Amino acid sequence: MPFNGEKQYVGEDQPSDSDSSRFSESMASLSDYECSRQSFTSDSSSKSSSPASASPPRVVTFDEVMGAARNLENMTLVHEIAVNENFQLKQDALPENSLASRVKRIVHQAYWDVLESELSAEPPEYDHAIKLFEEIREILLSFLIPGSGNRLRNQICEVLDTDLIRQQAEHGAVDIQGLANYIISTMGKLCAPVRDDDVRKLKATGNIVEVLRQIFHVLDLMNMDMANFLIRSFRPHFQRQLVDYERTKFQEILEETPSALDKTTKWIQESVNEELLAVSETTLTPGAENSSKPSLSPTLVLNNSYLKLLQWDYQKKEFPETLITDEVRLQELKEKLNQLKIIACLSLITNNMLGTIIEGLPELADKLKRISAVLLEGMNKETFNLKEVLNSVGVQTCAEVNKTLIERGLSTLNAEVQANLVGQFSSIEKEDHPIRSLIDKRIQLYLKSLLCLPSPQKCLPPMPGGLAVIQQELEVLGCQYANIVNLNKQVYGPFYANILRKLLFSEEAMGKADASSSAN
């Protein structure tokens, strides 16, 4: 599956060909100039799917809000399981010295101390122990697959029959250690291989209270193993059904919360405005009256909207509702892309200034790239001082180049060249630096070409000049990004079609286009 860090080709590992065709059908009416504008001016979408409605706003109850929240939570969880091969449940670990951790430790210790005092009493008291055996029995039974394992099920119920144990306790004939040994033996039959060592250690524990305590600890681990096993088992099913499931769930959210597409509409509207301005600037001739209205491609508008997500301010700007399940993944891709941009800028400066010196030394180029990557780790943190780090990269670059030149018996870089190189590196801290702008445009061009590829396409677009140093990383990132976009289009294509229909082909949109044309 995509998004697990491996390089994959665009169009591969999508849920199914039929799912892809659904998006194509939903967007077919919006493909460039294939249908008349009249077909878009009529509101053929359902009321609930429309980004805007002529009806007065409906009062949303608290129960409806909570229902929408539960739907979103379930949808997010299923989406994560389906697209993230590494997704698994983990036990919550409280901070070691936190108040919650101390309280939990004290309460648990008090419980086991009470149990130990009861079992050490004369005569022993078994009330707490019997409750523990009853709980252990239910946990062991929960590991058995329904409809199978009847023999083991019956055996567990017979040996851990709490009524029988209680009768034995009343007559002082209960064998606590024997019961614990049976439980440990049964756990060995039911646990995953990774827990064999944990079960083996239980047998070596002498204190019965500590044995019971550790039994519950290992049972907790086995419960987590079982949950993760079920997640892995159901993942192929989730992957096959993901498109229909997410679309249905989001439709339910939209029916309960009519404003659930407001941020998405705003996100697409920004691209529409930018494209209208760009078309007006390129098509208008000075002094000539333009009677035709700008005509925008819905696919181009949507793709440009997706590209904006790699330059998004995730701390300040509201995120589109239809992409909330991939927000973390997209933010991570943006941060990685920012690092790759700087590495490409540094490489371009180095080649321009020292090209003749380092030509034919691929090992040096790789080493300089690794130095840059290491020093730029964490560059998206607020406390990161980019200018200072770029200065350090320049100093280390000069040192490595000089070292290589000395090894080859050549003269080192003079002080002026070194100072110039360090200064050039430090200057790209500014976002509007010409080299940084150039690299950014070429990366945007590559990613735009990637999104324009048809789904069956398995070859990547050519890499623009100046990006060879980051080609491998950019191809991996680009494929992860394109897979997120393609899946999102399949799920939310009908909703985007309704929004684009209203923004591009309604009478209001036509009026805006006229106003934009006359203003320019």
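This report covers a few helices and residues of a predicted model.

## Asparagine 338 in helix α13

Asparagine 338 sits in helix α13, which spans residues 327-358. Its relative accessibility is 18%, so asparagine 338 counts as buried. The cut-off for buried is under 20%.

The side chain of asparagine 338 makes a polar contact with the side chain of asparagine 380, at 3.2 Å. Leaving aside neighbours within four places in sequence, asparagine 338 touches Met379 and Asn380.

## Helix α12

Helix α12 runs over residues 298-308 and is mostly covered. Of its 11 residues, 9 are buried. Among them are Pro298, Val301, Leu302 and Tyr306.

Leu99, Val103 and Val107 form a nonpolar surface patch. Together they have about 280 Å² of accessible area. Valine 103 belongs to helix α4, residues 99-120. With a relative accessible area of 43%, valine 103 is partly exposed.

Why can such a spacing make a patch? An α-helix has 3.6 residues a turn, so residues three or four places apart point the same way.

## Alanine 399 in helix α15

Alanine 399 lies in helix α15, residues 386-407. Its relative accessibility is 43%, so alanine 399 counts as partly exposed.

Threonine 412 is 13 residues from alanine 399 in sequence. In space, the two are 9.4 Å apart, C-alpha to C-alpha.

Note on methods:
Residues are numbered from 1 along each chain as its sequence is written. This is a predicted model: local features need pLDDT of at least 70, side-chain atom pairs count only at pLDDT 80 or more; totals for chains, interfaces and linings use all residues. Side-chain values use heavy atoms; hydrogens and water are left out. Helices (H or I, at least four residues) and strands (E, at least two) are DSSP runs, numbered from the N terminus. Buried means under 20% relative accessible area, exposed over 50%, partly exposed in between (1.4 Å probe, protein chains only). A polar contact is a pair of N or O atoms within 3.5 Å; within protein, one must be able to donate a hydrogen and the other to accept it, and residues adjacent in sequence count only if both atoms are side-chain atoms. Contact means heavy atoms within 4.5 Å. Patches are made of residues with over 30% relative accessible area and no salt bridge: like charges are joined within 9 Å, nonpolar side chains (Val, Leu, Ile, Met, Phe, Trp, Tyr) within 5 Å. Accessible areas come from the Shrake-Rupley method with a 1.4 Å probe; for residues, only the protein chains shown count as cover. A salt bridge is a side-chain nitrogen of Lys or Arg within 4 Å of a carboxyl oxygen of Asp or Glu.
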